[in-house]
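Here is a short note for a colleague who is meeting this structure for the first time.

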Amino acid sequence: MEPNCLICGLENSEESHVVFRDELWAGEIVPGYDVPGWFFLRTRRHAERITGLTEEEQETFGRRARDLVDAVTRATGAEATYMLMFGEAFPHFHVLVTARTADVPADRRSGEILKLRAEQSDPERARALVPAVREAYAAIAAGALVASAAEVG
């Protein structure tokens, strides 16, 4: 863990913020980005940029991203779910997964969704979604494992 890395500090997040954690990845709500339906997918170890990922992280990123996006979409009923990656403000590899529900106005869609960070921050409602996203993620991830085993066998 990098001592001055804010994202590394998420290892100490409250359980009520966590959708999942495995050996390499975590999915969770993040203070300051606690809009209902917004989650970070981040490496558990300090890694900068996508080019800083290990082979194993590279091999598993796509599945974790797909499963978290699917879980967020199912749990929120989102019409679209975005996955955004910047890495400048917080130099630790992570992506922001944002649900875009029907009630999001047209002028807050696509890249403009980031304006909702200030406009719709609601830590309590964001935490209230975690159990549904966690349950959906677990079901999706279990199904993916079963599908993978069936493909091999």
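1. Over the whole structure, a search finds 13 salt bridges, where a salt bridge is a side-chain nitrogen of Lys or Arg within 4 Å of a carboxyl oxygen of Asp or Glu. The model is predicted, so that local features need pLDDT of at least 70 and side-chain atom pairs count only at pLDDT 80 or more, whereas totals for chains, interfaces and linings use all residues. Residues are numbered from 1 along each chain as its sequence is written, and side-chain values use heavy atoms, with hydrogens and water left out.

2. One of these salt bridges joins the side chains of Asp22 and Arg64, at 2.5 Å from N to O. This pair links distant parts of the chain, since Asp22 sits in the loop between β1 (18–21) and β2 (25–28) while Arg64 belongs to helix α1 (residues 55–76), 42 residues apart. Helices (H or I, at least four residues) and strands (E, at least two) are DSSP runs, numbered from the N terminus. Arg64 counts as buried, at 18% relative accessibility; buried means under 20% relative accessible area, exposed over 50%, and partly exposed in between, with a 1.4 Å probe and protein chains only.

3. A second salt bridge, 2.3 Å from N to O, is formed by the side chains of Arg42 and Glu28. Arg42 lies in strand β3 (residues 38–43) and Glu28 in strand β2, 14 residues apart. Arg42 is buried, with a relative accessible area of 0%, and Glu28 likewise counts as buried at 0% relative accessibility.

4. The side chains of Glu79 and Arg100 also meet in a salt bridge, at 3.0 Å from N to O. Here the loop between α1 and β4 (80–84), which holds Glu79, is linked to strand β5 (residues 94–100), which holds Arg100, the two residues being 21 apart. Glu79 counts as exposed at 53% relative accessibility, whereas Arg100 is buried, with a relative accessible area of 9%. Through shared partners, salt bridges join Glu11, Arg21, Glu28, Arg42 and Arg44 into one network.

5. How many disulfides does a search of the whole structure find? The search finds zero, a disulfide being a pair of cysteine sulfur atoms within 2.5 Å. The sulfur of Cys5 is 3.5 Å from the closest cysteine sulfur, in Cys8, which is too far for a bond. Cys5 is buried, with a relative accessible area of 11%, and Cys8 is buried too, at 1%.

6. As to overall form, the chain has three helices and five strands, which run β-β-β-α-β-β-α-α from the N terminus on. Of the 153 residues of the chain, 43% count as buried, and the C-alpha atoms fill a box of roughly 45 × 40 × 25 Å, taken along the principal axes.
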